[in-house]
Amino acid sequence: MHLKIRLKCRKYEIWAIWLFSFVSGLFLLHFSIALILINKEVPQSRGMLYPRESETREVRSLDGIWNFVRSDQANPTQGVREEWYSKDLSKSRPTIPMPVPASYNDITTDNLRDHVGTVWYDRKFFAPRSWAVDQRVWLRFGSVHYEAYVWVNGQKVVKHEIGHLPFEAEVTHLLKYGAENRITVMCDNALIQTTVPQGRITELPNDEGMTIVQSYTFDFFNYAGIHRSVHLYTTPKTFIEEVVVTTNLSKDNVGGEVVYSVKFNGSAVNEADNALYVRAQLYDREGKLVANGTSDAQLSGSLQVDNVNPWWPYLMHPEPGYLYQLEVKLHASNDELLDVYRLKVGVRTLSWSNATFQINGRPVYFRGFGRHEDADVRGKGLDNALMVRDFNLLKWIGANAYRTSHYPYSEESMQFADEHGIMIVDECPSVDAENYNQELLGKHKSSLEQLIHRDRNHPSVVMWSIANEPRTREMNADSYFQLVANLTRSLDKTRPITAAIATPWTDDKAGRFLDIISFNRYNAWYSNTGRLDMVTKKVVEEAVAWNKQYNKPVIMAEYGADTLEGLHLQPAYVWSEEFQTEVFARHFKAFDILRKKGWFIGEFVWNFADFKTAQSYTRVGGNKKGVFTRARQPKASAHLLRKRYFALARELDDSSFPEDLFTYIADMGKTENA
Ligand code: GCB
């Protein structure tokens, strides 16, 4: 059998052991790849509120050192067939210690880095006796890349495909209370033509015979493993399952409104009585109650806030990132308190036209970055130290936005962006999409559904990016992106849609389905390498062409140059710090010409920091287009960019310069009158 089909079958085979009939349905689907794309419903996510303690909920972290086994690459389903999940992994195979959360790739000194296929994790934990009474217990993963299968005490719990997104399952009936329990996870990193993102697996001869090789066209390392925190949390039997919040402002930004809608899970306390209700209370930063109310019978309602402090982006207001705390209390009709959940809320409005994007009625100009979740050793594993450092650097450099290129970032970083007033262009994991097919479409749509479900309440999220550099000249690209954009709009009408496009505007078939056009281009790098005299005019011409084509606001979502820190060459020469600085300056000139046209709304440098990629002769230890090194230290270009971003903030938002922005050079005649 052809390898790709075998792999496909393999993925199904694992699940087949659990659910044969369901799998056979999918199997048929695989062989009926049609050219005509059909709009099928996507599964709706449920629950998944970020785990938070309250008077009715407990949260336990399962982060730490887990036991780890890699499967034999040639025999990836062996562990499922031999039921490794039914006992401690160490009874089936020798285990090694593996940190969670972290990518497993760079932890060991052998070739685990390039492993293709399944790996296994397990660990033990205690479930306290107190959890046995009147509670439900949930097991939640922040993200496992790419496909995860989970067992508790040898019983199947949940399967999830697509990395970078949370998933959870109830484990109340599987736990042993007041005793030790075991959790087992199998994770598969294989990317094929129907995964999001896509990849290819081929079988190639090597010195020992044949070997499996994973390839992909996207430009970041396919890190894998349990990337974000694992939590156990409890809820009451009847609990708050969903909270959706939207906000409005009066024209003068003085009156605010918080509109909420709650879903519960469980049965009403008195059988005769289905009339649960919600008490909602809003507290300001100082903990003062500013609004409260009771929901209607559908558990929806709205709170009015006088003299509201709107949520503003960084440098657009002296007090950016203002958050209120919304306290949601679910009551039975006899007033018994059933559940309490609290979340942060920013009160702001978004609006857009064919020329501008506005927040709270004021036009926004984006000054930002494309980024990656990437670091030495931990790969894509959640790392609070790195996250806080990155936000310090974003603020130091005067950025007000970033795109979560090329996948959803951690929930913790989304909360941090809310607090610091950093605007997020929230991107789903579709990167370099091609060979459009029905199965890919289903997963792509599902990734957006899961992303919007997860991030819809964040004030920092101001735009959805439905793809990075899809091959939008391909035959099916228009119907494919129409369906993806329609789904996105149907799930959230409060935010505009974009995609970062690299196909030339002359051939693009997706832009007409977007609200904002973002384009990626590497003048003087991939085209006309080294020619600094061929940047400004080309950037202006291309942005103008995109705008003419679609009559929509335009953003340059990627530009930049690989730069080896410490390499200095004058006059500027590719890979040197001088070259990156000059490339930026030539772009700044183009952006200033474009800003005057009224529809150019933002500039995003590629990339915030250097990051790891697959091995290639164009990458020296990874992609070096960072303004910061992988260790998060500035290159020369960072100092230039900082001056530009603060100059823009002063010109457009009236903010002041940080004292250390300009280094003292000479008196310049200023002391005369001092
Ligand atoms: C792009 C991609 C990004 C790459 C970048 C580059 O267009 O969107 O993922 O890393 O170019 O440096 O080649």
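Colleague: Which residues does UniProt list for "domain: Glycoside hydrolase family 2 catalytic"?

Modeller: UniProt lists residues 354–647 for that feature, in an unreviewed entry, and such annotations may be inferred rather than shown by experiment. This is a predicted model, in which local features need pLDDT of at least 70 and side-chain atom pairs count only at pLDDT 80 or more, while totals for chains, interfaces and linings use all residues. Residues are numbered from 1 along each chain as its sequence is written, and side-chain values use heavy atoms, with hydrogens and water left out.

Colleague: How much helix and strand is there over residues 354–647?

Modeller: Over residues 354–647 the chain is 35% helix and 16% strand, counted as DSSP runs (H or I of at least four residues for helices, E of at least two for strands).

Colleague: Switching to the ligand, which residues are closest?

Modeller: Asp-219, His-406, Glu-469, Tyr-526 and Lys-625 are the closest of the 13 residues that surround the ligand, each with a heavy atom within 4 Å of it.

Colleague: And how does that shell divide into nonpolar, polar and charged?

Modeller: The shell has five charged, four polar and four nonpolar residues.

Colleague: What distances do Glu-469 and Glu-558 have to ligand oxygen atoms?

Modeller: A polar side-chain atom of Glu-469 lies 2.2 Å from an oxygen atom of the ligand, and for an N or O atom in the side chain of Glu-558 the distance to a ligand oxygen is 2.8 Å.

Colleague: How much of the ligand's accessible area does the protein cover?

Modeller: The protein covers 92% of the 320 Å² that the ligand has on its own, by the Shrake-Rupley method with a 1.4 Å probe.

Note on methods
A polar contact is a pair of N or O atoms within 3.5 Å; within protein, one must be able to donate a hydrogen and the other to accept it, and residues adjacent in sequence count only if both atoms are side-chain atoms. Ala, Val, Leu, Ile, Met, Phe, Trp, Tyr, Cys and Pro count as nonpolar, Asp, Glu, Lys and Arg as charged, and the others, Gly among them, as polar.
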